[in-house]
Every structure is written in structure tokens, then in C-alpha cells.
Amino acid sequence: MTLAKRAGKCAEHIKKHHSALIVSHIDADGLTSAAIMGKALERAGIDYRIRFVKQLDMPLLTEIADENPELIVFTDLGSGMLDAISSLKLNAVVSDHHQPQGVHEYHLNPHLFGINGAIELSGSGAAFLIAQELGGNGDLAALAIVGAVGDLQHAKHGQLVGMNRSILEEGARNNVLGYEKDLMLFGRQTRPIFKLLQYSTDVYLPGLTGSEDASIEFLKKIGIRQHGEKWRRWIDLEPPEKQKIVSALIQSGLSSGLPGFKVERLIGEVYTLLCEREGTEVRDASEYATLLNSTARYDHADIGLAVCMGDREKCFDKACALLNEHRKNLVEGLNFVKEHGVTRMENLQYFDSGNKIRETIVGIVAGMSSSFVNNRELPIIAFADSDGGVKVSSRGNQDLIRKGLNLGEAISEAAKAVGGTGGGHDIAAGAFIPGESKSEFLKILDRKIGSQIR
Ligand code: C5P
Ligand code: C5P
Ligand code: ZN
């Protein structure tokens, strides 16, 4: 069987029902997954409800089973709980891209077909494949790409590849998506240019990141003019001006010699949602994904979902307000890591944010901190307090994966060993473990990672 055939099989099963409960993950990929599935069901004349969850575990599955829905469609999660889903005899379709644990009949997952679920297909991409099989949903490719970019699937190659690329082309054919090489700094559509430099946390710009004055000075020095009192946005600049900024950034980054600076992270493919108004947060896939993360990761998934469903008024405005909070929290989280530093073990490094970083964003902070944490030879593990236990997040990099690192596997095993649950991807994974088991968990994880990369 091929991936497309499996998507077809899942779609056929869905079509036999009148109503479904969609269960999805509380991040940009999860929101777009649910929105794609919801729209596709609506167009197919099937009633649906959507429920967002932080993670899928046994108590939650039991609760869902008790509601006795006609059909459950899991999107962007479920592959880690296949045996439980089967043993509870849930009538379910699982559409996911996390590393699978167990088996289930109606299960769409790229890993089953030798396709990398961290790079080639996201949760929203998987949902899109089913939507296509349900019929004529090519316009939803735009949301699928927002989800893929939200999961950083374009990071490794500086562009989307594999199935993601096919979906991108489908979106281009449907006139909903455009793509080009450009500066990848956040805020190209909406922020005055100096803010792109000042808030550049994905790529650490030595001397500029974190400083408004230095960022403005930098632009003035290379001859970028203001319009009166106002700084223009990236999209307002002339091509030669853009070129000038890019060259200067590369030059100053390279001469700094800092390991966190990588030209590949500065320049790459960017994705434009052609049906959205220029200069808004939803015009650029990366800004759109961050906007969504600002809602769902703060218990406001309903707002993000409404935006995905087309709201450009009330909920959109609310989401934009939440975006400011989210950006602030990320900066504070990064400052926490800078101030407290990380602790090294033999095969990993970690920090414990206690209650200082929200558990739903600690993974993003851990990922971003690799731009200034000096040791790129070790994966980074992060802890955050959570209700009734501890949330674990982890992030690796491509060099480590080449050596054999598989965080999803390591985290899942280490979590199980201390009575928790976890999983994810080779490059990024997470878990929930009992509060008192942190040091035991670290010991096991350190050993496990050591055996992977040796
Ligand atoms: O739950 P989910 O699959 O949606 O999350 C994937 C996570 O993997 C994202 O948080 C994303 O930031 C992370 N990732 C990463 N580096 C990559 C690819 C993915 O940190 N190159
Ligand atoms: O929460 P965080 O962004 O660190 O999650 C990284 C990856 O690990 C995501 O793909 C997430 O879905 C997965 N994860 C998981 N089980 C958990 C926590 C996270 O599979 N308990
Ligand atoms: Zn995902």
C-alpha cells in the first residue's frame, strides 16, 4: 500500500459516518490539521466537533471513549497511542506524523511508508491528504503549509521537500500559495525592519538580537532610510535595499564567529498565502504559524481555530493581541535560559525552568536557545512544572541525527521507565513524567542517547 492509498482508505471509512469528533494537538500544526479536517468534513456533509488536547494519554482516551462518538478522527496525534486506541475499541481514524508506537487499521502516517514525518510531511499535511481523498479540497493546501512551517519542517533544507513540496505545488496550482527565496527573519509582513533584527531569536544576530538601538544603528550605517519618522516593513523595501541588508547581516554574522550564526538559517524559502491581505499576520506562513501558537498554547485554541476557519475580524484581532504576549514570553524564556545556563551531562545538556516557563512553550524556547547555547554537540532537554508532574521537551540538530540520535525513541523509553509517557520525532520530542523522577529520568536518558550516538 502507498501513502495515497492509505489516505484513500481512511477517507472511505470517514465517509461511512454522519458525524465525527476531531481530536487534535494544541499547536500550529494541530490547529491547521483540525481546521483542514473540519472543513473537509463539512464539505462532505458530515457533522463534526473539534477538541484540542495537550497530549493524548490513557485517562483522556477513556474520557473520549465514554462520550461514545460515532467516529473519532485524531489529527497531529494518536500514533503514539495506537495500542490503547485499539484496546479501547475506539472507532477511529488516526492521521498523524509522529513516530508510531503500536498498530491500528485506519492509520495514516508517513513513517509507515518510509517518509520522514519531521521533514517531509506534517500533521496538517497528513490531514490534507485525507481531505483531498474526500474530494476537491486543493485550497486547503495553504493551511497544510502553515502547519508544516509551524513544525519547522523546512528548516533542514531551507525549503519544503518531499510530500510537503507536492502539497506546496498543489497550493500554487490552486493559486493559494506562492514561494520564493528571501530573508527568513520573523515579521517580514508586519514589523518595521529594525524589529526583525532586534527580535531575531531563531537566528542569533550577534550584537543586534535584543538591542533596538544597535539594530537601528546597523540599518542607518548601511544607508537604509526611514520614511519620515517611520521605519518601513521588509515587504516595503526595494530589492537593492533588501540585498544590502542581507549582505551586511551575513558579513557581520560570519565575522562574529559565533556557532549559533548560520547563513542557511538566515536565507531560505518563504511561503506566502496569496488570498490573504498583504501586510497581515496571515499572509506569511511563518507569521501565521506563530499567530496560531499564540492562541492554542495559551488555552485559546478556539480563537486560533476561528482564524483558520476564516475569521479576519474579532478572533483575528484577539489572536494578534495574544501574539504580543507570546513573543514577550518567548523573550523572557530565552532570558531565563541565558541567565541560568544549562547543566551538562555526558550525552545531553538540560535546564529546569520550574514554573518560570509555561510547559506549552518550553519546547519552543529550548529550540530557540540553540542559537546561543554554545554546545551544539549535545541535545538540549528542558523541564517545566506541570499539573501533577513535569513536562519534558527536547531538541536536537541534524548533525546529531546523522550520528544516530533519535530523541522520540530515547524520550519515550526513558519516560516509560519512570512511569511517564512521551514520544515525538528524531529531532524533537517531549514527555510527561512524575515530578520526583527527574534525576532518574535524566540518568536513563543520558545513557540511552549515549548508546544511540556511539
Ligand atoms: O507536535 P509536533 O510534531 O507538532 O511538533 C514538532 C516540533 O518539532 C515543533 O515544535 C518543532 O519546533 C520541532 N522541530 C524542530 N526542528 C526541526 C523540526 C521540528 O525543533 N528541524
Ligand atoms: O512539547 P514539545 O514542543 O517539546 O514537543 C516536541 C514533540 O514531542 C512534538 O512533536 C510533540 O507532539 C511530541 N510530544 C509527545 N508526547 C509528549 C510531549 C510531546 O509526543 N508527552
Ligand atoms: Zn505536528
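Guide: First, a cut-off. A residue counts as buried when its relative accessible area is under 20%, with a 1.4 Å probe and protein chains only. By that test, buried residues make up 57% of the 454 residues in the protein chain. Keep in mind that this is a predicted model.

The part to look at is helix 13, residues 301-308. Of its 8 residues, 6 are buried, so helix 13 is largely enclosed by the rest of the structure. The buried ones are Ala 301, Ile 303, Gly 304, Leu 305, Val 307 and Cys 308.

What covers them? Several elements take part in covering the buried residues of helix 13. Four helices are among them: helix 2 (28-43), helix 6 (141-150), helix 12 (285-296) and helix 14 (314-340). The cover also includes strand 2 (47-53). After helix 13 comes Gly 310. The phi of Gly 310 is positive, near 120°.

Now the setting. The protein chain holds 18 helices and 13 strands. Its radius of gyration is 22 Å, close to the 22 Å that the globule rule gives for 454 residues, so the chain is as compact as a globular protein of that length. The C-alpha trace spans about 65 × 50 × 35 Å along its principal axes. Take the contacts between residues at least 6 apart in sequence: 64% of them join residues at least 24 apart.

Next, the open space. The second largest pocket has a volume of about 210 Å³. It is lined by 14 residues, and the closest to its centre are Asp 139, Ala 142, Leu 143, Leu 273 and Glu 276. The lining of this pocket has 9 nonpolar, 1 polar and 4 charged residues.

The structure holds 1 cavity of 30 Å³ or more. About 40 Å³ lies in the largest cavity. Its lining consists of Tyr 199, Thr 201, Arg 327, Leu 330, Val 331 and Leu 334. By class, that lining divides into 4 nonpolar, 1 polar and 1 charged.

Last, a pair of strands. Strand 12 (residues 421-424) pairs with strand 13 (residues 428-433) in the antiparallel sense, over 4 bridges. The two form a hairpin with 3 residues between them. Within this pair, Gly 423 stands opposite Gly 430 in strand 13.

Back to helix 13: 6 of its 8 residues are buried, and helix 14 is one of the elements covering them.

Terms used. Residues numbered from 1 in each chain as written. Chains lettered and ligands numbered in written order. Predicted model: local features only at pLDDT ≥ 70, side-chain atom pairs only at ≥ 80, totals over all residues. Heavy atoms only, no water. Pairing = 2+ DSSP bridges. 1 Å grid on protein atoms, 1.4 Å probe; cavity = no way out; pocket = protein on both sides within 12 Å on 5 of 7 lines; lining within 4 Å. Points joined across faces, edges and corners; volume = space filled by probe spheres on them. Nonpolar A, V, L, I, M, F, W, Y, C, P; charged D, E, K, R; others polar. Rg over C-alpha atoms; globule rule 2.2 N^0.38 Å. Buried < 20%, exposed > 50% of the residue type's maximum accessible area, 1.4 Å probe, protein only. Contact = heavy atoms within 4.5 Å.
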